[in-house]
Amino acid sequence: MKTKLRTDIRIKDICEGFVYSELEGAGLFGLAGTLTIQPEYQRNYIYAAGRRDVAVINSILKSYPIGLIYFNKVDDKNFEVLDGQQRITSIGRFVTNRFAIRDENGMQQYFSALASDKQDLILQTKLLIYECEGTESEIKEWFKTVNIAGVPLKDQELLNAVYSGPFVTVAKEEFSNSQNANIQMWTAYIAGSVNRQDFLECALRWVSKGNINDYMSRHRYDDNINELKAYFNSVIDWISAVFKDVKPEMRGLEWGKFYEKHKKQPFDRQEVSAKVEALYEDPYVRNKRGIFEYILDGSNKAKLLNVRVFDEATKRSVYAKQTREAQEKGISNCPLCAIGHDANKTKIWSRQEMEADHVTAWSKGGSSDIANCEMLCVTHNRAKGNK
Ligand SMILES: [Zn+2]
C-alpha cells in the first residue's frame, strides 16, 4: 500500500459541497463531490454525537491538532475516508450551521454568527491527511488493523513528521534520546516516555505556552534549539531551586505554567521543604499532587488538596443536635440564619437543605472531627467560602 502525507487540504476545501444525511446521521460527500465520507465498509460505524462534535470545533479554534485523517485514493480524482469520518462530519455539520458551540461567555454560536476571523480560522485550517493507495483487500485489512490493534501515532510523533527538518532532528537528539544523561533528572518532573516523544512535547509545550504547532512551524528550518533548551533548563532549574526534595507526585505536573506564574516570586527553600513535609504528613490532605501548586499559590486554595471532609454519621448527629436545640429555643437550626433579621430567623431547615462546615477552617488548623463540625443552610455555607 502506498501512502503520502498531505498538508495542503483546508477545511474550506473539505466542506465544499458537503452533503449530510439526517437519516443516517453521517456526512456523505465533500471536497466538491470527490470525497466519499462514508464508504460502504464503514456503514455500521456509529459514533457518539454531541460533546465530541463540539470538542472537534473547539480544538480547531484553539489550533490544537485534531489528529491524522486517512483517505483512500480511489482513482486520480476521487477519495474516500478511511479514518476520520466522525471528525469530518462534525466539521461539515458545524460549517453548515447544524449545531452550535458555546463561546467564552457561554452563549450559543452557530458558524454563521461567528466573527469573520474565527470563521476564517476554521476554514483556513489545514488538515493532516494520509492519502493511501492500495487494493480493496489491502485497504480493508489496514482499516481493521488501525482500528483494532493499531497503536495510534501520538500527536507529537505526528508533528515531528509534519515539521520534519533540522529543528526536529536536533530537538530529538536532546529530548528523545534515552542516552542523554539528563533524562534521569528530568524524569523526576516529567511523565511519559522518552521514545514516544513525551519529553520533547513537554519541552515544546513549555516554551510555546501550549502552541506547539505554531512554534514548530516557525522554527522548522532552524539549525539549533538554543531557545527551547534554555527555556526548558530554566524551568527545571527553577523547580529544583524551589523544591529541595523530589517526590513521586511531582511527575507530570504543569511545571511550565507554575514557572510562568511564580518565577518572579522569592521562595525560601527550607521553609518550602518544611511545608511540603507537613502537608505530606497531614491525614486530611487527600490529593498529594496538589501540594506543590498549593504552596506556590500562597497556601490558601485548600481545594487543590482535596481536604478530607466530615463523614455522614458526623453530619447526621450534628444536624440532630442543632435541630433539637434550635426547636427548644424557637430559632433557626442554621446558626447564621438564627442571628439574621429575615424570615429565615426561625426556619428549621431539612437535612438536605444543610451542609457541613468547619468551625475552624482546615487551613487554620481545624480538624474534620465532630467537635469542629457545624451544619449551615446551603446559602450561608457557600457564602462562607474559605473552607
Ligand atoms: Zn442560614
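The zinc ion in this predicted model sits in a tetrahedral site, with angles of 99 to 115° among its four donor atoms. For comparison, the ideal angle for four tetrahedral donors is 109.5 degrees. The atoms that hold the zinc ion are SG of C334, SG of C337, SG of C377 and ND1 of H380, at 2.0 to 2.3 Å. If you follow the chain, these donors are spaced as C-x2-C-x39-C-x2-H.

Start with K229 and E174, whose side chains meet in a salt bridge at 3.7 Å, N to O. This pair links distant parts of the chain, as K229 belongs to helix α11 (residues 226–242) and E174 to helix α7 (residues 166–175), 55 residues apart. K229 is partly exposed at 34% relative accessibility, whereas E174 is buried at 14%.

Next come K261 and D297, joined by a salt bridge of 3.2 Å, N to O. K261 lies in helix α12 (residues 255–262) and D297 in the loop between α14 (291–296) and α15 (312–329), so the pair ties together parts that are 36 residues apart in sequence. Here K261 is exposed at 54% relative accessibility, while D297 is buried at 16%.

Finally, salt bridges with shared partners join R6, D8 and E131 into one network. Within it, the closest N and O atoms of D8 and R6 are 3.0 Å apart.

Definitions and conventions: Residues numbered from 1 in each chain as written. Predicted model: local features only at pLDDT ≥ 70, side-chain atom pairs only at ≥ 80, totals over all residues. Heavy atoms only, no water. Donors = N, O, S within 2.8 Å, 3.2 Å for Na, K, Ca; no water. Tetrahedral: all angles 85-135°; square planar, octahedral: opposite > 155°, others 65-115°. Salt bridge = Lys/Arg side-chain N within 4 Å of Asp/Glu carboxyl O. Helix = DSSP H or I, 4+ residues; strand = E, 2+ residues; numbered from the N terminus. Buried < 20%, exposed > 50% of the residue type's maximum accessible area, 1.4 Å probe, protein only.
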